[in-house]
Each structure stands twice: as C-alpha cells, then as structure tokens.
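This report describes the fold, the strand pairing and the side-chain contacts of one protein. The sequence and the structure are shown first.

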Amino acid sequence: MNLSNHFLIAMPDMEDAFFAQSVVYICKHDEDGALGIAINKPSPITMDMIFSATGKNIPMRMQHDSVMMGGPVQVERGYVVHTPVGNWQSSIGVSDGIALTSSRDVLENISREGAVDKILISIGYSSWGKGQLERELADNAWLTVPADEHILFDIPYEHRYAAAFAKLGIDPLALFSGAGHA
C-alpha cells in the first residue's frame with residue numbers, strides 16, 4: 001500500500017487534540033513510514049507575515065492566506081506543498097505535478113513567473129513510523145481518498161474536511177459511533 005498523494009481524513013470520533021477533524025495530505029509513504037501535512041489546521045501566522053520577514057514580494061492572491069499547522073513534528077521549520085514540482089534544493093516529488101519542499105529557495109522565488117503556481121505553507125509536519133499508519137488505518141482512525149488539488153489548494157481551509165468527506169460520498173455525521181435517543 002502506498003498512500004502518497006492521498007488524503008487521510010480523521011474519523012469524526014478521533015479524540016487526539018491535534019488530529020481531530022483533520023485532513024492530512026500524505027507526501028511520502030513507504031515501508032519506513034509516512035510523512036504528511038495537515039491542510040486544515042491554521043496557525044496564527046499568515047503568508048504576508050512570512051514574506052515580510054524575507055523581504056520578498058508575495059502575490060496578492062496569497063497575502064492573507066493562513067500558514068497551516070502541518071503537524072506536531074518540527075514546528076520550528078517551514079514546509080511548502082506546491083505546484084509545479086520545479087527544481088529546488090530540498091524537495092520530495094509527491095506526484096507528477098506536486099512537491100513538498102523544505103528549503104527556503106522556493107519561497108525566495110515565489111514571485112518569479114512560472115516558478116510556483118499553487119502553494120500551501122505549513123509549520124511542522126505529521127509523521128508515522130514503520131507500520132504505524134497501517135495500524136491506525138486498521139483501527140479505523142482514518143479514512144483515505146486520493147488527493148484532489150482543488151481541495152488541497154483552492155478550497156478555504158475551514159471547508160477542506162467536509163470536502164474530503166464529500167469526495168468519498170459520506171456524511172461525517174453518519175460515522176459517529178455513539179447512539180442517540182430522541
């Protein structure tokens with residue numbers, strides 16, 4: 001099983017403080033584990049704050065976008081999910097058109113024509129050790145669905161959880177394990 005370029009969708013009853021109601025874009029999944037970026041957990045940092053620190057111009061369409069909390073690992077570092085893949089110092093090709101880059105050169109070139117089309121910036125990332133994600137899937141902690149660039153880059157972060165469920169044709173409310181009484 002290789003879930004690279006898939007979304008992990010947290011089951012509605014997940015109680016983990018960070019991952020509850022999260023959608024994680026899996027950037028790498030192999031026999032050693034998995035690495036992903038939560039795409040619907042905003043941090044208090046916005047893109048214009050990041051770019052004012054670099055002295056670089058940011059395209060107007062991105063100025064007030066939130067930087068995501070990509071996960072609880074290495075929250076002091078930034079990670080960029082972007083199209084096109086390009087040729088950056090430290091990148092993982094996720095698909096033919098999407099890459100995860102952790103080097104600063106992608107940010108330094110964001111305003112250069114054709115360098116970066118779509119972008120999602122996070123601080124931190126999510127990771128699973130060897131066999132850990134497979135165990136969590138077997139325990140029904142997550143649902144999976146092939147990633148969708150529209151959900152990843154174009155839909156506001158607060159609608160990504162519902163949009164990922166809609167891609168499966170499932171109403172998340174139908175998945176709660178507790179029974180109710182009227």
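In helix H5, which spans residues 160–168, the buried residues are Arg160, Tyr161, Ala163, Ala164 and Phe165. Buried denotes a relative accessible area under 20%, exposed one over 50%, and partly exposed the range in between, with a 1.4 Å probe and protein chains only. Helices (H or I, at least four residues) and strands (E, at least two) are DSSP runs, numbered from the N terminus. The model is a predicted one, in which local features need pLDDT of at least 70 and side-chain atom pairs count only at pLDDT 80 or more, whereas totals for chains, interfaces and linings use all residues. Residues are numbered from 1 along each chain as its sequence is written, and side-chain values use heavy atoms, with hydrogens and water left out.

The buried residues of H5 pack against strands E1 (6–10), E2 (23–30), E5 (66–69), E9 (118–128) and E10 (142–146), and also against helix H4 (149–154). Contact here means heavy atoms within 4.5 Å. After H5 comes Gly169, with a positive phi near 75 degrees.

## Overall composition

The protein contains 5 helices and 10 strands. Of its 182 residues, 44% are buried. Among contacts between residues at least 6 apart in sequence, 65% join residues at least 24 apart. The accessible surface amounts to about 9300 Å², and carbon and sulfur atoms account for 50% of that area; areas come from the Shrake-Rupley method with a 1.4 Å probe, and for residues only the protein chains shown count as cover.

Strand E3 (residues 33–38) is mostly covered, with 6 of its 6 residues buried. Gly33, Leu35 and Ile37 point one way from E3, while Ala34, Gly36 and Ala38 point the other way, and all are buried.

Strands are treated as paired if DSSP finds at least two bridges between them. E2 and E3 run antiparallel and are joined by 6 bridges, and a hairpin connects them through 2 residues. Within this pairing, His29 has Ala34 of E3 as its bridge partner. E3 also pairs with E9 in the antiparallel sense, over 3 bridges, and Leu35 stands opposite Ser127 of E9.

Ser4 counts as buried, at 18% relative accessibility. Leaving aside residues up to four places away in sequence, Ser4 touches Ile26, Cys27, Lys28 and His29.

## Salt bridges

Side chains of opposite charge can pair when their charged atoms come close. A salt bridge requires a side-chain nitrogen of Lys or Arg within 4 Å of a carboxyl oxygen of Asp or Glu, and a search of the whole structure finds 2 of them.

| Salt bridge | Distance, N to O |
|---|---|
| Lys28 and Asp30 | 3.9 Å |
| Asp154 and Lys118 | 3.1 Å |

The bridge between Asp154 and Lys118 links distant parts of the chain, as Asp154 belongs to helix H4 and Lys118 to strand E9, 36 residues apart. Asp154 is partly exposed, with a relative accessible area of 38%, and Lys118 is partly exposed at 25%. In the other pair, Lys28 is partly exposed at 39% relative accessibility, and Asp30 is partly exposed at 26%.
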